[in-house]
Amino acid sequence: MSSSSVTNSSAADETLRAQIFQRLHPRVYLERFIAEKIRPDGRTFDEWRNVSVNVGSISTADGSALVRMGDTTIVCGVKAEIAEPELDHPEQGFLVPNIDLPAICSPKFKPGPPTEEAQVLSDRLNEALVASGVLSLSSLCIHPGKAVWTLYVDCTCINYDGNAFDAALLAMLGALRSTTLPKATYNEETGRTTCSRKTRSPVQLTRNFASSSFGVLDTSHVLSDPTAFEEPLMDVTLTVIVDDRGELISTTESGGAISEETLLRCINRAKERALQLKD
Amino acid sequence: MAQSGNDRRRINGPEESFPPVFDDEDDDDFKLRSQRKRGPGDIRPIFLQPGLISQANGSAYIETEKTKIACAVYGPRQSKTTTYSEKGRLNVEVKFAPFSCTRRRAPMRDAEDRSIGVSIHQAIVSSIRLELFPKSTIDVFITIIENDGIEGCIASGSLAASTALADAGIEMLGLVASCSAAIVGDGIQLDPTEAEARASSGTVILACMPALDSITSIWQSGQMSADLSLKCMEQCYERCNDIHSVVAQSLLEHRKTD
């Protein structure tokens with residue numbers, strides 16, 4: 001009786017000691033795992049977390065997607081509004097992506113205006129969507145020079161467990177793919193645009209792509225899809241965006257120097273991942 | 001939303017944009033849709049899932065047809081202010097996702113967010129044993145993912161907050177259940193949607209602790225006679241007992257699967 005309770009409490013003690021060690025010496029804790037060729041959550045270096053995408057569940061939005069990448073949960077909604085186009089681009093609509101990392105998703109974010117991290121993510125997502133040309137802005141034109149659609153693509157993070165960029169990009173694409181716009185007619189006499197509630201047509205996307213993020217530790221260990229525990233300990237973070245035809249859209253790297261071989265290896269892995277995600 | 005302003009911290013769109021205006025050709029269709037499909041005493045089915053947000057101490061996600069709310073509790077943690085307080089502080093912050101309402105909301109917090117925060121604060125503060133956490137703050141963050149009526153938001157938000165607090169293991173006197181009602185003509189309809197609340201002449205939101213047989217908050221707005229408002233409160237109170245068992249059941253199931 002007493003011996004079994006001793007073993008039970010010692011198992012609980014060990015877990016508590018491991019947790020305290022993780023809090024006090026995170027880098028050493030991670031290095032111990034890396035030495036065994038495994039990561040704290042049980043994945044190998046190359047393994048990706050399970051991804052689930054749920055599309056079209058929000059009725060107030062014109063398009064929506066909910067993405068869960070492991071524990072990282074991001075909700076994205078698309079709202080369409082009508083605006084006057086810019087004078088030098090009279091046939092182009094607007095695509096406005098934004099991501100918000102509110103205090104709800106992690107203890108390290110405090111309530112208030114967008115933090116640096118959120119601003120950087122928003123900017124990178126904007127660049128990714130623009131650089132890929134995923135949505136032809138002229139397809140959003142209602143009447144040249146007078147009325148165009150503006151698509152506000154807003155992501156909100158509900159649970160932040162690392163790698164928000166990949167999840168947010170996936171959510172934005174999912175939401176855009178599920179977006180339908182009502183048929184709009186511009187009345188030249190009154191200058192007003194009215195929409196029909198009955199007919200809706202989907203938004204035309206030109207290509208499909210996926211992003212893969214990696215973290216590099218000690219210049220030789222490349223971990224894909226870092227969690228919130230691993231992310232701040234990485235020396236270098238690397239993100240590769242590849243489309244479903246295997247073409248490279250963008251590569252971003254920050255934090256330090258990496259070898260060309262590492263970069264090529266990551267690009268190849270990203271291509272495999274894009275094919276994987278296609279299904 | 002008319003003005004996106006020059007918010008330098010976000011990607012900006014055009015200076016002014018207007019939500020689409022629909023022509024009224026299918027007005028009949030719309031009227032049919034806003035007719036109530038359930039009885040006047042029936043509330044919408046509640047789906048409540050605790051423990052959704054792994055980063056938080058406690059969390060809950062609630063979904064009732066078209067209202068979706070996520071709630072996270074962080075705490076007790078250190079108070080930012082240096083003034084000593086014998087009792088802990090409860091801080092409730094509500095945020096609407098930009099795509100949650102029919103008209104896009106600016107990401108900035110405005111008066112509506114704060115007033116909902118105050119309502120939920122009042123509903124749950126008396127159930128928490130704050131005297132056990134001096135100098136600490138309990139932060140409750142609520143994100144409204146889809147909004148179908150402010151009354152529904154406040155009621156569901158209070159439920160989610162109470163569940164999240166229980167999930168975080170914070171000592172409470174009891175679970176808080178909350179229900180809303182609207183006066184339409186001479187009749188009372190429980191749990192109104194946005195369309196129903198707009199068509200009504202007044203609404204009542206009641207929050208209570210059925211375990212202790214006590215009421216924590218009542219918000220009444222609009223025009224109604226005193227008798228009618230008392231009847232509303234009684235009906236809400238009865239319904240809260242059922243809601244309480246739903247919340248308790250979901251917490252038990254969550255613990256069993258842990």
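Two strands count as paired once DSSP finds at least two bridges between them. In this predicted model, strand 3 and strand 4 (residues 58-64) of chain B run antiparallel to one another and share four bridges. Take Gln49(B) as an example: its bridge partner is Tyr61(B), over in strand 4 of chain B. Helix 3 (residues 150-167) of chain B packs on the sheet these strands belong to, touching strand 3, strand 4, strand 5 (67-78), strand 6 and strand 7 of chain B. The direction of helix 3 makes about 150° with that of strand 4 of chain B.

Stepping back to the sheet as a whole, five strands of chain B line up in the order 3-4-5-7-6, giving an open sheet with mixed pairing. Strand 3 (47-50) and strand 6 (89-96) of chain B sit at the edges, each with pairing on one side only. On average, neighbouring strands here are turned by 15° against each other, if direction is ignored. Helix 2 (residues 111-125) of chain B also comes in, lying across strand 6 and strand 7 (136-146) of chain B and running at about 140° to strand 6.

Most peptide bonds are trans. The one from Gly75(B) to Pro76(B), however, is cis, with omega near -5°, and Pro76(B) is found in strand 5 of chain B.

Helix 3 of chain B has a helical partner as well. Its axis and that of helix 5 (residues 226-257) of chain B come within 11 Å and cross at roughly 35°, and the crossing is right-handed. From helix 3 of chain B, the contact is made by Leu159(B), Thr163(B), Ala166(B) and Asp167(B). Helix 5 of chain B answers with Ile243(B), Val247(B), Leu251(B), His254(B) and Arg255(B).

Now for the aromatics. Counting rings whose centres lie within 6.5 Å as a pair, the total is seven aromatic pairs over all chains. Trp48(A) and Phe214(A) give an edge-to-face pair, because their ring planes stand at 70° and the cut-off for that class is over 60 degrees; the ring centres are 5.6 Å apart. Trp48(A) lies in the loop between helix 2 (26-35) and strand 1 (51-55) of chain A, while Phe214(A) belongs to strand 9 (residues 209-217) of chain A, so the pair ties together parts that are 166 residues apart in sequence. Trp48(A) is buried, at 14% relative accessible area, and Phe214(A) is buried too, at 1% relative accessibility. Elsewhere in chain A, Phe21(A), Tyr29(A), Phe33(A) and Phe229(A) make up one aromatic cluster.

Arginines turn up over aromatic rings in both chains. In chain A, the charged end of Arg124(A) sits over the ring of Phe165(A), 4.3 Å from its centre. In chain B, Arg105(B) lies over the face of Phe96(B), with 4.1 Å to the ring centre.

Most residues other than glycine have a negative phi. Asn163(A), though not a glycine, has a positive phi of about 60°. Asn163(A) is found in the loop between strand 6 (147-159) and helix 4 (164-177) of chain A, and counts as buried at 3% relative accessibility. Asp225(A) also has a positive phi, near 55°. Its place is in the loop between strand 10 (221-224) and strand 11 (236-243) of chain A, and Asp225(A) is buried, with 0% relative accessibility.

Methods: Residues numbered from 1 in each chain as written. Chains lettered and ligands numbered in written order. Predicted model: local features only at pLDDT ≥ 70, side-chain atom pairs only at ≥ 80, totals over all residues. Heavy atoms only, no water. Phe/Tyr/Trp six-rings, centres within 6.5 Å; stacked < 30°, edge-to-face > 60°. Helix = DSSP H or I, 4+ residues; strand = E, 2+ residues; numbered from the N terminus. Buried < 20%, exposed > 50% of the residue type's maximum accessible area, 1.4 Å probe, protein only. Lys NZ or Arg CZ within 6 Å of the ring centre and 35° of its normal. Axes fitted to C-alpha atoms, helices over the stretch in contact; angles between N-to-C directions. Contact = heavy atoms within 4.5 Å. Left-handed = near helix turned anticlockwise from the far one by under 90°.
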